[in-house]
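Welcome! Take a moment with the sequence and the 3D view, and then we will walk through them together by question and answer.

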Amino acid sequence: MIGEDQARLTMPEISALCLRAARGAGLSWGMAEECAHAATWLAARDFDWADAVLYQLEASGGRQVTPRVARWEADAPVCALHIGVALSDFATLPEGPQPDGVWLGMITGPLMVLPFAARASALLGTALEITLDGSPWLRVSGDNARIQDTELMRTKMAEVSVSPTRLDATCPLQATAQSAVILREQLFRLDGLALKMTVPSSAQSAKGAGAQGLDEG
């Protein structure tokens, strides 16, 4: 059962909605597709996917980071979506999570890093531990994840590090859900962003279209 203030979406619906919302927020097609992937990954594991996506699309966060060995560089806090994509791109390179780990810097909305850390884990063939401000937060092993500190789940900005680790034998959090719940207020906000994909006609273009129609008539 869901409340009157909630709605239930299937994974394809979540993917399509977040793709359109990301495009409406000004992201490239490639980054929008990554955002949609991250949303469904989080939703399937019952993370707060809608809040994570909205924070990336509505909050101000930098998009430029320079991956370096052991310690990445940025002039300002970077949004987790862009950090996450870079993490998976550099996973098997020296700038990725080496045995001593890699410091990714100050990140806004760090939950969005998780799906890409999972991708990096699969590429490296090892489990990864994510820390926030030095505190153990999450562990991922391929597409499986485990929360180590639930109190950190709503953290909106933190210094993030990723290090190889050994996943213990207890059952990790796996993908099971085929649909996920969203607050209607969150759905309204995502729909609002998605509508920005359609550029409204300007007064001048509308006037020109009308004149053309009269001439042709």
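**A guided tour**

The protein chain holds 7 helices and 8 strands. Please keep in mind that this is a predicted model.

Visitor: What percentage of the residues in the protein chain is buried?
Guide: A residue counts as buried when its relative accessible area is under 20%. The protein chain has 217 residues, and the buried share of them is 43%.

Visitor: How are α2 and α3 oriented to each other: roughly parallel or roughly antiparallel?
Guide: Helix α2 covers residues 29–44 and helix α3 covers residues 49–58; their axes lie 8 Å apart, at an angle of about 155°. Angles over 145 degrees count as roughly antiparallel. Therefore the relation between α2 and α3 is roughly antiparallel.

Visitor: Is the crossing of α2 and α3 left-handed or right-handed, and which residues make the contact?
Guide: α2 passes α3 in a right-handed crossing. On the α2 side the contact uses C35, A39, L42 and A43, and on the α3 side it uses W49, A52 and V53. By class, the contact of α2 with α3 has no polar and no charged residues, and its nonpolar residues number 7.

Visitor: Which residues of α3 are buried?
Guide: α3 is mostly covered, with 7 of its 10 residues buried. Those buried residues are W49, A50, A52, V53, L54, Q56 and L57.

Visitor: How many nonpolar, polar and charged residues are in the contact of α1 with α2?
Guide: Helix α1 (residues 11–24) packs against α2 at an angle of about 145°, with 8 Å between the axes, and the crossing is right-handed. From α1 come M11, I14, S15, C18, L19, A22 and R23, while α2 brings W29, A32, E33, C35, A36, A39, T40, A43 and A44. Sorted by class, this contact of α1 with α2 has 12 nonpolar, 2 polar and 2 charged residues.

Visitor: Which strands are the edge strands of the open sheet?
Guide: The open sheet is formed by 6 strands with mixed pairing, in the order β2-β3-β7-β4-β5-β6. An edge strand pairs on one side only, and here the edge strands are β2 and β6.

Visitor: In β7, which residue is the bridge partner of T108?
Guide: Strand β3 (residues 102–108) and strand β7 (residues 157–165) run antiparallel and are joined by 6 bridges. Within β7, the partner of T108 is M157.

Visitor: And in β7, which residue is the bridge partner of L132?
Guide: Strand β4 (residues 127–132) pairs with β7 in the antiparallel sense, over 6 bridges. In this part of the sheet, T131 stands opposite S161 of β7. For L132, the bridge partner in β7 is V160.

Visitor: Is D133 buried or exposed?
Guide: D133 is found in the loop between β4 and β5, a hairpin with 2 residues between the strands. The phi of D133 is near 50°, a positive value in a residue other than glycine. Most residues other than glycine have a negative phi. The cut-off for exposed is over 50%, so D133, at 53% relative accessibility, counts as exposed.

Visitor: Where is A70 found, and what is its relative accessible area?
Guide: A70 also has a positive phi, near 75°. A70 sits in the loop between α3 and β2 (78–79). A70 is partly exposed, and its relative accessible area is 42%.

Visitor: Which residue in the turn of the β5 and β6 hairpin has a positive phi?
Guide: β5 and β6 pair in the antiparallel sense over 4 bridges, and V140 stands opposite A145 in β6. Their hairpin has 2 residues between the strands, and the turn residue with a positive phi, about 60°, is G142.

How values were computed. Residues numbered from 1 in each chain as written. Predicted model: local features only at pLDDT ≥ 70, side-chain atom pairs only at ≥ 80, totals over all residues. Heavy atoms only, no water. Axes fitted to C-alpha atoms, helices over the stretch in contact; angles between N-to-C directions. Parallel < 35°, antiparallel > 145°, perpendicular 65-115°, else oblique. Left-handed = near helix turned anticlockwise from the far one by under 90°. Contact = heavy atoms within 4.5 Å. Nonpolar A, V, L, I, M, F, W, Y, C, P; charged D, E, K, R; others polar. Pairing = 2+ DSSP bridges. Buried < 20%, exposed > 50% of the residue type's maximum accessible area, 1.4 Å probe, protein only.
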